[in-house]
Amino acid sequence: VDVAKFSAIVPAEKIAALKEKYGKREGDVFLFTASRLVLSRGVEDTILALSFLPPHVKLLIAGSGEDQEKLEKIAHEESLAERVIWAGHVGHDELPALYKVSDIFVRPSLIEGFGNAFVEAFAAGIPVVATPVGGIPDFLIDGETGVFCEVQNPESVARAVEDYLNDPALAERVVANAKRLVAEKYDW
């Protein structure tokens, strides 16, 4: 990834405008995912994980795809729609600011190749929750550069998020290790 682009400081007025646009209030925690909206990315598990988390935890989703209607239906059926924010397709140049307005990157994929979005989150300085599938274990070490959750287990996703919320030192350590790793090995 372009580490400089994703680690650059985003102007405070842009952050404030994005918080206003997406309704982030003082005390809110934004989970974030950037993905093509297909069921293999585990977005439905992140939506369902909200039911195990306090109401101030919300999910910001950047992306579009063939399963978006299914995902919206899941959010409505589980009475979680008011906690899911659909950003739609976001240009790559706008992604760094969305990482910065968010608190935790979550993508509990069922399958995954390398997963650039994970290392973008590393560079942006937000902690990551992911599943140990595909290429993810090549760069995400549980408790060191991120936190793993189980595949297709919304309660496990929620527990991983709570690990960060309940242990700020864990989040700080993970972010520092991940930033160092991305700068050393994954900066294009």
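This is a predicted model: local features need pLDDT of at least 70, side-chain atom pairs count only at pLDDT 80 or more; totals for chains, interfaces and linings use all residues.

Tutor: Residues are numbered from 1 along each chain as its sequence is written, and side-chain values use heavy atoms, with hydrogens and water left out.

Student: Which residue stands opposite Leu-31 in strand 4?

Tutor: Strand 1 and strand 2 run parallel and are joined by six bridges, and Leu-31 stands opposite Leu-59 in strand 2. Strand 1 also pairs with strand 4 (residues 104-107) in the parallel sense, over two bridges. In strand 4, the residue opposite Leu-31 is Ile-104.

Student: How many residues of strand 2 are buried?

Tutor: Buried means under 20% relative accessible area, exposed over 50%, and partly exposed in between (1.4 Å probe, protein chains only). On one side of strand 2, Val-57, Leu-59 and Ile-61 are buried, and on the other Lys-58, Leu-60 and Ala-62 are buried. For strand 2 (residues 57-62), the count is six of six.

Student: At what angle do helix 6 and helix 8 pack?

Tutor: Axes are lines fitted to C-alpha atoms, for helices over the stretch in contact, and angles run from 0 to 180 degrees between N-to-C directions. Angles under 35 degrees count as roughly parallel, over 145 as roughly antiparallel, 65 to 115 as roughly perpendicular and the rest as oblique; helix 6 and helix 8 are therefore roughly perpendicular. The axes of helix 6 (residues 116-124) and helix 8 (residues 168-185) lie 7 Å apart, at an angle of about 115°.

Student: Which residues of helix 8 make that contact with helix 6?

Tutor: Contact means heavy atoms within 4.5 Å. Helix 6 contributes Val-119, Phe-122 and Ala-123, while helix 8 contributes Ala-178, Lys-179, Leu-181 and Val-182.

Student: Why is helix 6 described as largely enclosed?

Tutor: The buried residues of helix 6 pack against helix 1 (3-7), strand 1, helix 5 (95-101), strand 4, strand 5 (128-130) and helix 8. Helix 6 is largely enclosed by the rest of the structure because its buried residues number eight of nine.

Student: Is Ser-35 buried or exposed?

Tutor: Ser-35 lies in the loop between strand 1 (29-34) and helix 3 (43-49). Not counting residues up to four places away in sequence, Ser-35 touches Arg-41, Ala-62, Gly-63, Ser-64 and Arg-107. Its relative accessibility is 10%, so Ser-35 counts as buried.

Student: What relative accessible area does Gln-152 have?

Tutor: Gln-152 lies in the loop between strand 6 and helix 7 (154-166), and has a positive phi of about 55° although it is not a glycine. Gln-152 is exposed, with a relative accessible area of 52%.

Notes
Helices (H or I, at least four residues) and strands (E, at least two) are DSSP runs, numbered from the N terminus. Two strands pair if DSSP finds at least two bridges between them.
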